[in-house]
Amino acid sequence: MARMILSRRQALAAGAAASAMLAAPSLSRAQSRPVMAHGIMSGDVAHDSAMIWAHADREARMLVEWATTESMTDATRMPALNVGPATGQTGKFLMNGLPSDQEIFYRVRMEDLSDPTAISEPLTGHFRTAPTGLRDIRFVWSGDTAGQGWGIDRDRGGMRTYATMLQHQPDFMIHSGDTVYADGPMEEEVLLEDGSTWRNLVTPSKRKVAETLDEFRGQHLYNYLDANVRAFNAEVPILAQWDDHEVTNNWYPAEILEDDRYTEKNVALLAARGARAFHEMLPTRQHLVEPARVYRKVAYGPLLDIFFLDMRSYRGDNSPNRQEGGAPFLGAEQLAWLKRELAGSRATWKVLASDMPIGMMVRDGENNFENMANGDGPPLGREQDIAEILSFIRAADIGNTVWLTADVHYTAAHHYSPERAVFQDFQPFWEFVSGPLHSGTFGPSEYDNTFGPEVRFAKHPQEGQANLPPSEGLQFFGLVDINAATREMTVRLMDAGDTELWSTTLAPRSV
């Protein structure tokens, strides 16, 4: 596949982000004007709206305007938004009234609340609204940012996978979870096997596990200190979900930690703080009935609906996961929502964005399981929620479902078929795994035969290797193209060096 080239606008944006990166360590409140050292973002884009995010170094008034031309001629100004300590100095709001299928350019400034004459330098961003008619769609997905102690090493180019993804100029990105590693403190230097040294940029929030709300906020702000991440965020809408490391490894709501690194052992309290930081620090749309809700649908025209799942918030305790009557996992309300939205979808492709894979076994200790897979046999424990979804899709004759996920820190393509499965009440489907974006690489996982997975491709470290640093090159993302003329979906598994590792083209069936 030909390598995509950055436009002049994107190159200038990346250069400006890099310049701001170099200046970031010297910033202080003593400056006369507010500073936005962490960039700007758009997210959860629709045909007529998008979420906009920015962060200031002090209490300020967020000023946003947008236009359909890069020159910002005849720009429309949005109502001002005050930001301050209550939201960690972040501002996030819905920019609506936008034309569909249109390039949107936006500009953000921060005005000091104590001195209206002190206004920050502007930051500019860009996105394209979703279509209401047919057009080609391109997006990327991956997960796992800044994990296992591998942070921003500026001498090695920082989080380079983000720069590679940006070259493809996607319409949006699905971040499949582990957007941060709140449980992963960093050392300033890590000696590598080749004798070289990995040098992390380390902030106060990354020196310990996150426990306070400000520490959880700091986990997200750390990632935005990377020039590659900021340049990407300014150009590509982020559609984010969470997994475990936004709080702590393998967490479940009723857990009481036995980890000496924590003074706060109550995971329910840590999760509440982590959830608040997640929504404050990412451009997610929030539900008025349940403000911390992660599951939602993002409609992207007649070719694509995306259903974001939350496999974390409603689960029961991690266990051997062999309960014949099932175990709490997705929750009754999320299951009912998913069935209702899938049945009502008229999009050609229905992507289920899952924060964990279906048939790969992820253990939590010696006897317990972290995800739904629990070994060969019929659906037990959490697997019964997956069986219920798959059975519903078959009974309702819902076509063209594809699962996208991350979590396991390597990339793979899985085909599921009832012909190979113990549980057979479902239609064949694909699951594609990607990641990590910038974390340690692991693998491979064990599989079970409950839903009949077949590994069509996998790329992971050699046997005996684990937690390989990003410098080894085993960092991955997925690239998806949907052709408006044929309605075919092409999925490519890519690495940080922009090598196409594997691909397939899926033809839709009429429904």
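Biologist: At the start of α5, which backbone nitrogen does a side-chain oxygen of N266 reach?
Modeller: That of A268, to within 2.9 Å. Helices are DSSP runs of H or I with at least four residues, strands are E runs of at least two, and both are numbered from the N terminus.

Biologist: What kind of model is this?
Modeller: A predicted one, where local features need pLDDT of at least 70, side-chain atom pairs count only at pLDDT 80 or more, and totals for chains, interfaces and linings use all residues. Residues are numbered from 1 along each chain as its sequence is written, and side-chain values use heavy atoms, with hydrogens and water left out.

Biologist: Back to α5. Why does its length agree with what a helix should span?
Modeller: Helix α5 covers residues 267-280, and at 1.5 Å a residue its 14 residues should span 20 Å; the end C-alpha atoms are 19 Å apart, so the two agree. The expected span is 1.5 Å times one less than the number of residues.

Biologist: Which residues of α5 are buried?
Modeller: Among them are V267, L270, A271, G274, A275 and F278. Buried means under 20% relative accessible area, exposed over 50%, and partly exposed in between (1.4 Å probe, protein chains only). An α-helix has 3.6 residues a turn, so residues three or four places apart point the same way.

Biologist: And what do the buried residues of α5 pack against?
Modeller: Strands β2 (49-55), β6 (90-96) and β13 (238-240), plus helix α3 (213-223). Contact here means heavy atoms within 4.5 Å.

Biologist: Switching to D305. Where is D305 found?
Modeller: In strand β15, residues 304-308.

Biologist: Does D305 count as buried or exposed?
Modeller: Buried, because its relative accessibility is 5%.

Biologist: With which side chain does the side chain of D305 make a polar contact?
Modeller: With that of S345, at 2.7 Å. A polar contact is a pair of N or O atoms within 3.5 Å; within protein, one must be able to donate a hydrogen and the other to accept it, and residues adjacent in sequence count only if both atoms are side-chain atoms.

Biologist: What else does D305 touch?
Modeller: Leaving out residues up to four places away in sequence, its neighbours include Y300, R346, W349 and K350.

Biologist: Now the backbone. Which peptide bonds are cis?
Modeller: G435 to P436 is cis, with omega near 5°. G443 to P444 is cis too, with omega about -5°. P436 sits in the loop between β22 (429-433) and β23 (446-447), and P444 lies in the loop between β22 and β23.

Biologist: Which residues have a positive phi although they are not glycine?
Modeller: Q89, at about 65°, and N400, at about 65°. Q89 is in the loop between β5 (81-83) and β6. N400 is in the loop between α7 (383-395) and β20 (401-405). At 11% relative accessibility, N400 counts as buried.

Biologist: Zooming out, how many helices and strands does the protein have?
Modeller: Seven helices and 27 strands. The radius of gyration is 22 Å, close to the 24 Å that the globule rule gives for 511 residues, so the protein is as compact as a globular protein of that length. That radius is taken over C-alpha atoms, and the rule is 2.2 Å times the number of residues to the power 0.38.

Biologist: How much of the protein is made up of buried residues?
Modeller: Buried residues make up 60% of the 511.
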